[in-house]
Amino acid sequence: MAPEVFAHGVAHQDQGFLTGASGVHFAPYMYLGAKHVVTGYDHLLYLAGVIFFLGKLRDIALFVSLFALGHSITLLLGVLTSVHINPFIIDAIIGLSVSYKALENLGAIRFFDPKIMVFTFGLAHGFGLSSKLQDLSLSNDGLVTNMLAFNLGVELGQILALVLLYWCFTWLRRQPHFESHARGVNLLLFAAGLMLFGMQTVGYFLS
């Protein structure tokens, strides 16, 4: 079940379009990029951890920009240069990124500056998607433009998701006993990341 249920992948109904498309399809690729983020639970879990304690929009913009930069670099690099990493391995790292951020929020660990880690894990998340796109054998006709459109859609979808997450966390900060709620939420994030890591690891050895 791991490849189907826990993969950082592309929906089956979209794979037919991607494999058959030739030439520039800017709007459809942008839509698929936004859809990938909005429906990508591993991506959203990590972003939730990143902005959980960030109350200022300036700080959120900085951290999310670093993540987006890393994500964009490896997404484009992976697809355009065919740099390939085993999807199970990279998705296991993505699961660990969720757990790491949760532990960082809980004050349990801090190996490096959080900004460096956000950028680094952004690189991993980008490779996670590029590895899936490479498996679809995309047409080289219009590939650069289509990938730029896809990446733009990823960033737009990310903004939409962040608006909702920011609203939820702002509301949560106003509630009594916020500290206990924060601990509970980040423990759940840690557990979710660990579960993703475990499922992808099992998938790797069974594949």
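Me: In this predicted model, a helix is a DSSP run of H or I with at least four residues, numbered from the N terminus. Which helix do K101 and E104 lie in, and how many residues apart are they?

Reply: Both sit in helix α6, three residues apart, which is about one turn of the helix.

Me: What makes K101 and E104 a salt bridge?

Reply: The cut-off is a Lys or Arg side-chain nitrogen within 4 Å of a carboxyl oxygen of Asp or Glu. Here the N to O distance is 2.6 Å, so the pair qualifies.

Me: Is K101 buried or exposed, and how do you know?

Reply: Buried means under 20% relative accessible area. K101 comes out at 6%, so K101 counts as buried. E104 is at 6% too, so E104 gets that label as well.

Me: How many salt bridges are there by this rule?

Reply: Two. The other one joins K132 and D91, with the closest N and O atoms 2.9 Å apart. K132 lies in helix α7 and D91 in helix α6, so the pair ties together parts 41 residues apart in sequence. K132 and D91 are both buried.

Conventions
Residues are numbered from 1 along each chain as its sequence is written. This is a predicted model: local features need pLDDT of at least 70, side-chain atom pairs count only at pLDDT 80 or more; totals for chains, interfaces and linings use all residues. Side-chain values use heavy atoms; hydrogens and water are left out. Helices (H or I, at least four residues) and strands (E, at least two) are DSSP runs, numbered from the N terminus. Buried means under 20% relative accessible area, exposed over 50%, partly exposed in between (1.4 Å probe, protein chains only).
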